[in-house]
Amino acid sequence: MIRSNRWAALAMILLLTGPASAASKKKAVKQPAPTGNLESLLPPAPRYLVPQSVLSEVRNPKTIEEETGGRLGVALVDSKGALLLGFNRDERFAMCSTFKAPLAAAVLLGVEGGKFGLEGEIPFSKTDILDYAPVVKKNLKRGRMSMGELAKAAVEVSDNSAANLLLPMLGGPEGLTAFMRAHGDTMTRLDRTEPALNENVEGDPQDTTTPAAMAGLMGRLIFRDMKAESADKLRGWLNASTTGDKRIKAGLPEGWTSGSKTGSCGTAYNDVALVKSPAGDEYILAVYLDRPTVDAKAAEAAIAETARAALDFVGKAQKSGLE
């Protein structure tokens, strides 16, 4: 795959660079308006006008990638379903714990469909507790937790045992994959449970996603497929997450806010965030970094820098009026 030297060819995806002539404006108006359909993850008609001066200020993601010694993937989706920015956006990356964001969404949508209730309790024993399970460990004496408590723990602190306890209620890894297919994501796949899903063997498609697929899936779930109450509950869990302070959150431009679900596999550093601009516009930003040769601190700083560049760019763009 040939990698772009700019955000998935910034000018070709979002984007009209510089003033358009009267003829080009007329042609643009005839393009189909964005539908918000994330099933194909193909960019809809341009929704933004980006001055050349802004393009020249954007740091090349290829440079950030090279500085890490690894492979960087980025995708940004807006609330209408438009894929705005991307770099290596269609390459596969290990999900690590980022799968817990759609897992929590699947639980909430299961509640909406009457399959179970958030108050329904799942029993567990000492054999269900993995090395990293801070919330479930605290409830061992109790021996049971509600689905709502488990979903909250899986997102907010990335509790591995909480995720494993929820998966059977959704049909296991295969069931979660089917859920993602049902919501328009043809790429993301979960094959194993914690901790095996973190293996991240190079070239192995198991337990992987693409930045475009994950950003598109979470955008579709939060902005379109979930009822407002469910979407707000997921927003709350993401906003309360304690694991991403040094990743996307650390790179937010002034006035932006975010809530995210991180993932780390030892050889991978990921973050998928719901970000909000000072004007109140929401986006999903997915950043995946595979096999960096720098240490963890520098890897997280690269994710923050990538987020800052992407959101600064969008913040300086102007809506085209093609809604």
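1. In this predicted model, the side chain of Thr208 comes to 2.5 Å from the backbone oxygen of Pro205. Thr208 itself belongs to strand β8, which covers residues 208-209.

2. The relative accessibility of Thr208 is 4%, and because buried means under 20%, Thr208 counts as buried. Once its neighbours within four places in sequence are left aside, the residues in contact with Thr208 are Arg92, Phe93, Ala94 and Met95, together with Met187, Thr188 and Arg189.

3. Turning to helix packing, helix α5 (residues 100-112) packs with helix α9 (residues 172-182) at an angle of about 80 degrees, and their axes lie 10 Å apart. Since angles of 65 to 115 degrees count as roughly perpendicular, α5 and α9 are therefore roughly perpendicular to each other. On the α5 side the contact is made by Pro102, Leu103, Ala105, Ala106 and Leu109, while α9 contributes Leu176, Phe179 and Met180. Sorted by class, this contact of α5 with α9 has eight nonpolar residues, with no polar and no charged ones.

4. As for the protein chain overall, it has 12 helices and 12 strands, and of its 323 residues 56% are buried. Where contacts in the chain join residues at least 6 apart in sequence, 68% of them are between residues at least 24 apart.

5. The protein chain exposes about 13800 Å², of which carbon and sulfur atoms supply 52%.

Note on methods. Residues are numbered from 1 along each chain as its sequence is written. This is a predicted model: local features need pLDDT of at least 70, side-chain atom pairs count only at pLDDT 80 or more; totals for chains, interfaces and linings use all residues. Side-chain values use heavy atoms; hydrogens and water are left out. Axes are lines fitted to C-alpha atoms, for helices over the stretch in contact, and angles run from 0 to 180 degrees between N-to-C directions. Helices (H or I, at least four residues) and strands (E, at least two) are DSSP runs, numbered from the N terminus. Angles under 35 degrees count as roughly parallel, over 145 as roughly antiparallel, 65 to 115 as roughly perpendicular and the rest as oblique. Contact means heavy atoms within 4.5 Å. Ala, Val, Leu, Ile, Met, Phe, Trp, Tyr, Cys and Pro count as nonpolar, Asp, Glu, Lys and Arg as charged, and the others, Gly among them, as polar. Buried means under 20% relative accessible area, exposed over 50%, partly exposed in between (1.4 Å probe, protein chains only). Accessible areas come from the Shrake-Rupley method with a 1.4 Å probe; for residues, only the protein chains shown count as cover. A polar contact is a pair of N or O atoms within 3.5 Å; within protein, one must be able to donate a hydrogen and the other to accept it, and residues adjacent in sequence count only if both atoms are side-chain atoms.
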